[in-house]
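Trainee: I have just opened this entry and would appreciate a guided introduction. Could we begin with how the chains meet?

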Amino acid sequence: MDWQAFSLTLQLAAWTVLFLLPCAMLIARALAWRRVPMKSGIEALIMLPLVLPPTVLGFYLLVAFSPQSAIGGTIKSIFGSAPVFSFTGILIASLIVNLPFAVQPIQRAFESIPRNVREAAFVSGLSPWQTMRRIELPLAWPGIVSAIALTFAHTLGEFGVILLIGGSIPGETRVLSIAIYDRVQAFDIAGAGVMSAALLGFSLLSIAIVHTLARRRGTGAHGFQ
Amino acid sequence: MVSSDDGAAALSIECRQDAPIPLDVSISTRAGELLALIGPSGSGKTTVLRSVAGLYKPRHGRIRVGGESWLDTDNKIDMSPQQRRVGLVFQDYALFPHLSAVDNVALAMLDTDKVTRQRRAEELLARVHLNGLAHRRPSQLSGGERQRVALARALARDPKVLLLDEPFSAVDRMTREPLKQELASLHRALDIPIVLVTHDIEEAQALADRICVLNKGNVMQIGAPDDLRLRPRTVGVARLMGQDNIATAEVLDATHIRCGSHVLKVRLVDGHTAGEKVTVLFPVDCISVIDADAEHASLANSLRGHIVEIFASGDFKTLLMDFDGVALRLKVTAREAAQRHLAVDAKITVTLDPEGIHLMRVE
């Protein structure tokens, strides 16, 4: 077991969830309720990472972030280095790749809250912020947890994008899936097996969480008040 | 109703716009009055209600409650729904699905402390006869119980206006009657204006002090239920009020009209000229059955004809009668129908009370 890769993977997944969740909630809420211009275009763009081959996305990001490019060059002039072959680079890639996994479940959850339930809250004297905290978040909670679980699980297994933009630098970009690939290349089947089993366990756990919440959503029950 | 100034505790609504929903209404109600807004779908009745609640903003509008301006588009006044203190019962109740009945009600009182609002919420639930169900979620309540929770929640803010949007449409007929009676007694106890939106004329007649008929965003007529039923301004209002006995006639002189082959005495024909074609309404109140086949046609305004059809509905039977081309419908009790041996094709004679016959202009 490559504990360094294991810890790096968890860090990547945690940071991805932490950064992505607030953005996803804002985007999802706007798409669900507001009259957004070019809504279907935006939705399609968010969905793109689902169908785009990860290596293709990784290639474009590599080109965009390289110090020779406009974006990469600008970032390098500000932060001292371009975000290729670094943890920052794979984090940015991970945020983009996970956008659909985070936005979709939250958007569906917000959409399922009837408009007049929010209006009832306003008429009952609840400010928009109180409505958010006491009505919208509790009702959207299963969708939010689904988004967390899906994003987390998906980040654990991300391979193609990370390999292209990050390579396999121990402690910096070598996450579990890359480490597994390296072990197999080195004919260390046992080592690859242990790490694969760990990833399998995590994935099963996330699916279980998503499923349980999806079923509880139907009855309107949840542990948040 | 005693009021310190002209607008105190009363509600006045003015909304005007051409699009997206055409509106041109000006309505006011007194405190303690239940006003029913009735009209076909798309008539703007729900939009008017939402405007009062602050959930819709008409292009031009003024809404004043008890001397306080809630909306005045000319003077850029537009209070938020939170500031307005209205009680609104939504058509499908819009309860918060994740909260118990008591928490649904308590949430409308966030400005008071937790203990007080919990106690007040339980009192309100008791007031709508929901003792013992306080800790159930909306999904565990029946339609009628949900309506009561919605009503308790609407009352929780101590509203200055109570708004009811088709409050009985989501409950079955069996539940509707007791709920209506409870609303009637609540209405007697509340000293605030109540606005009820409905498309059910019976509901409006049973509950309202005054009825406002809306069509395409315009007020067709506003008045007491009997005013609208017996003296509708237009055929449209008459039909909406459930009146079927409508015919065309010609004015003969100040107190007579010709309807088909009959010359009928009517109350003083005001504002109509001799020879003018009019639409005439015979409210059921002015029709009395004399006898199954009375031959004494000498009585004033008596019509002889026959029964075309009888529709049975429980304790009542509706007679469809033909008097030489003038068709009239009349509801009689099943007992009366049996006693008078009323049957299809049987002869029948009725008299029409001149005071009750109502004339309208041809549209």
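**Chain contacts and a sheet**

Mentor: In this predicted model, 23 residues of chain B are in contact (heavy atoms within 4.5 Å) with 23 residues of chain A. Residues are numbered from 1 along each chain as its sequence is written, and chains are lettered from A in the order in which they are written. Local features need pLDDT of at least 70, side-chain atom pairs count only at pLDDT 80 or more, and totals for chains, interfaces and linings use all residues, while side-chain values use heavy atoms, without hydrogens and water.

Trainee: What area do chain B and chain A bury between them?

Mentor: They bury about 1800 Å², 60% of it on carbon and sulfur atoms; buried area is the accessible area (1.4 Å probe) that two parts lose on being put together, summed over both. Gln82(B), Phe96(B) and His98(B) supply 31% of the area that chain B buries against chain A, more than any other three residues.

Trainee: Which residue forms a salt bridge with Glu119(A)?

Mentor: Arg50(B) does, with the closest N and O atoms 2.7 Å apart. A salt bridge is a side-chain nitrogen of Lys or Arg within 4 Å of a carboxyl oxygen of Asp or Glu, and the count between chain B and chain A is 1.

Trainee: Changing topic, what is the order of the open sheet of 5 strands in chain B?

Mentor: The order is β14-β13-β12-β15-β21, with antiparallel pairing. Strands are DSSP runs (E, at least two residues), numbered from the N terminus, and two strands pair if DSSP finds at least two bridges between them.

Trainee: Which strands stand at the edges?

Mentor: β14 (262–265) and β21 (358–361) of chain B each have a single partner strand, so one side of each is left without a neighbour in the sheet.

Definitions and conventions
Helices (H or I, at least four residues) and strands (E, at least two) are DSSP runs, numbered from the N terminus.
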